[in-house]
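Visitor: I have a model open and would like to learn how to read it. Could you walk me through a few features?

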Amino acid sequence: MSAPASPHTSLLHIPHRPFGPRRPRLTRLRCLASLSPASSGASPANDNHLIQTLCAHRRLARAAALLQGLPAPTQRTYESLLLAAARGGDAALAAAVHRRLEADPVFRSDPFLSTRLIEAYATLGALPAARQVFDEAPVKNIFLWNAMLKALALADHGEEALSRLADMGRLGVPVDSCSYSHGLKACIAGSASHEPASARVREMHAHAIRRGYGLHTHVATTLIDCYGKLGTVTYAERVFAWMTERNVVSWSAMIGCYAKNERPGDAIELFQEMMASEADLVPNSITIVSVLHACAGVNALGQGRVLHAYILRRGFDSLVSVLNALMAMYMKCGCLEVGRYIFNWIGRRRDVVSWNSLISGYGMHGFGRESVQVFEEMIKEGMSPNIITFVSVLGACSHAGLVEEGKKLFESMVEYNVTPRAEHYACMVDLLGRAGRLDEAVELIQSMRTEPSPQVWGSLLGACRIHGHVEYAEMACSHLFDLEPRNAGNYVLLADIYARAKLQNQVEVLKDLLEEHALEKVPGCSWIEVKKRLYSFVSVDNKNQQVEALQALIGEFVAQMKNEGYVPDTASVLYDIEEEEKERILLGHSEKLAVAFGLINTGKGEVIRITKNLRLCEDCHAVNKFISKFTEREIIVRDVNRFHHFRDGVCSCRDYW
């Protein structure tokens, strides 16, 4: 495996923290702490100011004690206490302020403070208390309604939020942009399946347009986010295109929509457009994280490094969420040592996402034992693993063939109060299946207490392809065809298994089914970054001038390989055509075109980095090994499952993928 030279201490900027102001600040806090409600000369005005100052400095216990003896708290004092309670996660303080408000004849019915109280309870996860405040409020203005809608949407009580929104219409309360925004989020939270959520969002979108809020920046931004989460990118694009005013949140929402929906190239391009726009836009941390994910998605290391420099210049390296995304970007672009360095630099600020990224990073590169070691280190540090942790470490065991280690980890999940889900069973089926223990994998599926998901059956089908097991493949597909009737990939994979087993009649049956149901296989697509520009290639069987030139170069390598005994693996070409034509189709595979493009357009010794949206096929794997040796170039390919580092005619996966 290739890794960059060891990073030095200047890789990440350590912010300078001046020491001068610290002593006066501490002295002032000691002075504040020395005061009490009984201090001589104290007045209500002074005590109100003191409580507000203590809240600003997060001295909540002292502020709460002062509140008890304060005869006349002001509205600003109540607000300061509620904001501080929400920020500090202090539910007891929020409840104490609530009790004091109920006994206060001046502010008991104040709608502003009732709104702040609902917002505090929502942040603290105390939804019943928020409901109580709302129900008992004698005056319910639009701000109070919106606070309640937000609290319900935040707590994933979408149905109730939508019901309250309907009450607003029935009672004649005029809705505003915030009402629509919270209502749209409730549509996502309150639906049990994809279709009702999509229909509700579109319905509310139409309602907002009729009321003149369709192009409001806040509403349109929420629409982009909702459509992105639903996977309807086209609708999100339309909303973004129609917006008359865009702010950084709008741009970030559209960039995030692309990044989450497997369109990383579009996300990077839109970010570049945002930075080049005339508007004075400064990316926020959410923008940065989304673009880093996009860079990781297409192995755009050059773009990622440019973004890294921007992060240091703007001080975003103080945020753990940004550092986690930066670490994941480097590891997904093949730079394990840099990713590990950033992980070490985060230090005591590490959260579970930091650990998961490192475990997953090692696993993707085939370093299963290192991944397990990091998991054990995580436990020793006192960090509790979560659902994603176990998916990452079990996946790492699968890629490295660590069957016994994986089984022990799977059995240990209950010790950490993590209930195995479908994705964990899918990892275990993949682990056993890759190792050839198909009977054991089937037994595990049959032992599941819940109905196996498409992920689980898909893992079994993938293992059957590796080992050519027709019977279990048919079993898996009998379920997959019911669970995912529109997934052409399952039909194609079974046809591939039939073709390798010389069962041509069954292959023809599956091809007829694909045609009958108008199903199309997802085309293979590969990305390569050259001189900080991203290029994509799609697997083709048609000719054009550029493709012909790239295919001709690959053809030269193939001719030399044949002299050394190489035989093209045409089993994956399901067309009933001559063998020579099948070989020509293999030359048009997207990863081969990307490699050829990289060889032509990069300098000697430069690493060629490619990302593919599907599993790397056996023929491309063999050709890449030869090219890496013949050209003395390192080729790194990340497919949908893992990394392949080709160097000197050998792959890091040791042909186990």
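Predicted model: local features only at pLDDT ≥ 70, side-chain atom pairs only at ≥ 80, totals over all residues.

Visitor: Is D280 buried or exposed?

Guide: D280 is exposed, because its relative accessible area is 76% and exposed means over 50%.

Visitor: How far apart in space are D280 and V248?

Guide: The two C-alpha atoms are 9.3 Å apart, while D280 and V248 are separated by 32 residues in sequence.

Visitor: Now the sheet. In what order do the strands come?

Guide: Six strands make an open sheet, in the order β2-β1-β3-β4-β5-β6, with mixed pairing. At the edges are β2 (533-538) and β6 (650-651), each of which pairs on one side only.

Visitor: How does β1 run relative to β2, parallel or antiparallel?

Guide: β1 and β2 run antiparallel and are joined by six bridges. As one example of facing residues, C525 stands opposite V538 in β2. The hairpin of these two strands has two residues between them, and K531 there takes a positive phi near 55°.

Visitor: And what joins β1 to β3?

Guide: Three bridges join them, and this pair is antiparallel too. Here W527 has T611 in β3 as its bridge partner.

Visitor: Where does the parallel sense come in?

Guide: Look at β3 (residues 608-612) and β4 (residues 635-638), which pair in the parallel sense over four bridges. I610 has V637 in β4 as its bridge partner.

Visitor: How should I think about the two sides of a strand such as β1?

Guide: The general idea is that side chains in a regular strand alternate between the two faces of the sheet. In β1, one side carries C525, W527 and E529, the other carries S526, I528 and V530, and all of these are buried, so both faces are covered.

Visitor: Why does E579 count as partly exposed?

Guide: Its relative accessibility is 39%, and partly exposed is the range between buried, under 20%, and exposed, over 50%.

Key. Residues numbered from 1 in each chain as written. Heavy atoms only, no water. Buried < 20%, exposed > 50% of the residue type's maximum accessible area, 1.4 Å probe, protein only. Pairing = 2+ DSSP bridges.
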